[in-house]
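Q: I'm new to this structure and would like a close look at a single part. Could you walk me through the stretch that has a domain annotation in UniProt, and what sits in and around it?

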Amino acid sequence: MRCDTLWTKARLITMTSGVEIVEGMIAARDGRIVYAGPEHDFDADTTHDLAGRLVTPGLIDPHTHLIYAGDRCHEFRLRLEGASYEDIARAGGGIATTVKATRAASEADLIAQALPRLDTLLAEGTTTVEIKSGYGLTLADELKMLRAAHALATHRPVRIVTTFLGAHALPPEYAGCPDDYITEVCEVMIPAVAAEGLAVAVDAFCENIGFTPDQTERVLTAARAHGLQVKLHAEQLSNLNGATLAARHCAVSADHLEYLDEAGIAAMRTAGTVATLLPGAFYTLRETKVPPIDALRRAGVPIALATDHNPGTSPLSSLLLTMNMGATLFRLTVGECLAGVTRHAATALGLGAEIGTLEPGKACDLAIWDVDAPEQLVCRVGLNPLYQRVFNGAVS
Ligand code: NIG
Ligand code: FE
């Protein structure tokens with residue numbers, strides 16, 4: 001059989017079941033995997049002899065706020081001096097600080113500021129990154145953020161998946177009138193984002209310092225009416241039954257989930273909603289309530305892991321460290337950590353048929369590692385053993 005590129009003498013972790021290693025090869029044609037398994041006869045234009053290196057699917061970061069301007073490290077200092085995330089938000093800092101800086105930035109500024117963060121993710125074998133808007137909070141500024149996010153894929157070999165997060169925080173123009181802002185989100189912003197094809201999903205921050213369940217429900221209803229997928233920041237700081245609400249709207253994922261309860265888990269299981277856990281925010285905020293991992297496992301709810309990269313609660317640009325935190329802080333197994341940034345991360349983006357495992361028909365996105373065993377990717381902190389990154393069949 002003929003193909004464009006072969007990677008031979010590989011040790012494959014296909015992520016189709018567990019983290020078993022298959023000795024063999026991968027063949028790609030036109031950017032797609034045509035074969036992944038034991039060595040086989042192929043004619044190829046290019047052959048890479050991997051000398052026994054480990055190959056996983058390219059890593060997927062299914063929840064980031066990578067596009068923003070400015071910096072919030074002063075809040076880190078304030079928290080060290082005793083302030084909480086909520087204190088800072090209520091005093092007009094937090095997300096509002098980033099909104100001011102992001103509104104003042106041009107699309108080109110936003111791209112320039114995001115590229116070093118993106119490069120850090122790519123250097124560790126990441127091939128797909130979800131990026132949310134949510135620091136513009138006007139139609140023009142939200143569209144600017146989403147355009148900047150898409151533009152990253154013209155600057156770097158990466159798949160960018162965009163989510164509209166207009167209901168991230170209340171903009172100052174709507175102080176005291178959150179319902180009016182939600183009307184703007186539902187009746188103006190979501191239709192415009194959908195019409196321009198600038199996002200595939202809609203997300204909201206359902207929280208005491210964000211939006212109420214009723215307001216969130218309006219946003220998710222509008223999203224579905226415009227054919228967009230639904231995601232939700234739920235149960236991060238308190239339990240508002242956001243996961244149940246998200247599941248009722250067939251959400252592809254509910255994210256954070258420290259305060260998730262049994263009813264929320266049951267609703268997620270029924271709806272097939274992925275639990276995307278964000279240990280970087282848990283770590284940065286020194287949260288002590290661990291998401292209900294055992295109950296999620298028992299229910300068979302798929303668990304994804306993401307950096308939640310943002311300037312406030314998770315200034316984290318490493319999926320390797322995210323996996324380590326998932327294991328160390330949440331006691332996820334090595335297999336769960338790897339599935340969290342590959343197979344289940346793909347499902348959390350509605351892309352389970354396209355990426356996330358090494359299977360014929362999927363995009364040939366690979367991370368090739370100088371390690372002997374999958375646990376070496378999760379255990380070590382601060383060492384990047386990436387040997388080669390492949391995006392859509394091309395070494396990059
Ligand atoms: O996912 N929780 C809300 N959104 C972000 C934080 C954003 C920020 O503080 O800038 C999160 O943690
Ligand atoms: Fe987030």
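A: UniProt, in an unreviewed entry, places the feature "domain: Amidohydrolase-related" at residues 54–373; such positions follow the numbering used here, feature names are shortened, and annotations may be inferred rather than shown by experiment. Keep in mind that this is a predicted model: local features need pLDDT of at least 70, side-chain atom pairs count only at pLDDT 80 or more, and totals for chains, interfaces and linings use all residues. Residues are numbered from 1 along each chain as its sequence is written, and side-chain values use heavy atoms, with hydrogens and water left out.

Over residues 54–373, the chain is 45% helix and 15% strand (DSSP runs, H or I of at least four residues for helices and E of at least two for strands). The end C-alpha atoms of that stretch are 7 Å apart.

Now for the metal. The iron ion (ligand 2) has His63 (NE2), His65 (NE2), His233 (NE2) and Asp308 (OD) as its protein donors, 2.1 to 2.3 Å away. Donors here are N, O and S atoms within 2.8 Å of the metal (3.2 Å for Na, K and Ca); water is not among the atoms, so sites may look incomplete. Along the chain, these donors follow the spacing H-x1-H-x167-H-x74-D. His63 is buried (under 20% relative accessible area; exposed is over 50%, partly exposed in between, with a 1.4 Å probe and protein chains only), at 0%. His65 is buried too, at 2%.

Finally, Met323: leaving aside neighbours within four places in sequence, Met323 is in contact (heavy atoms within 4.5 Å) with Leu305, Cys337, Leu338, Val341, Leu377 and Val378.

Technical notes. Chains are lettered from A and ligands numbered from 1 in the order in which they are written.
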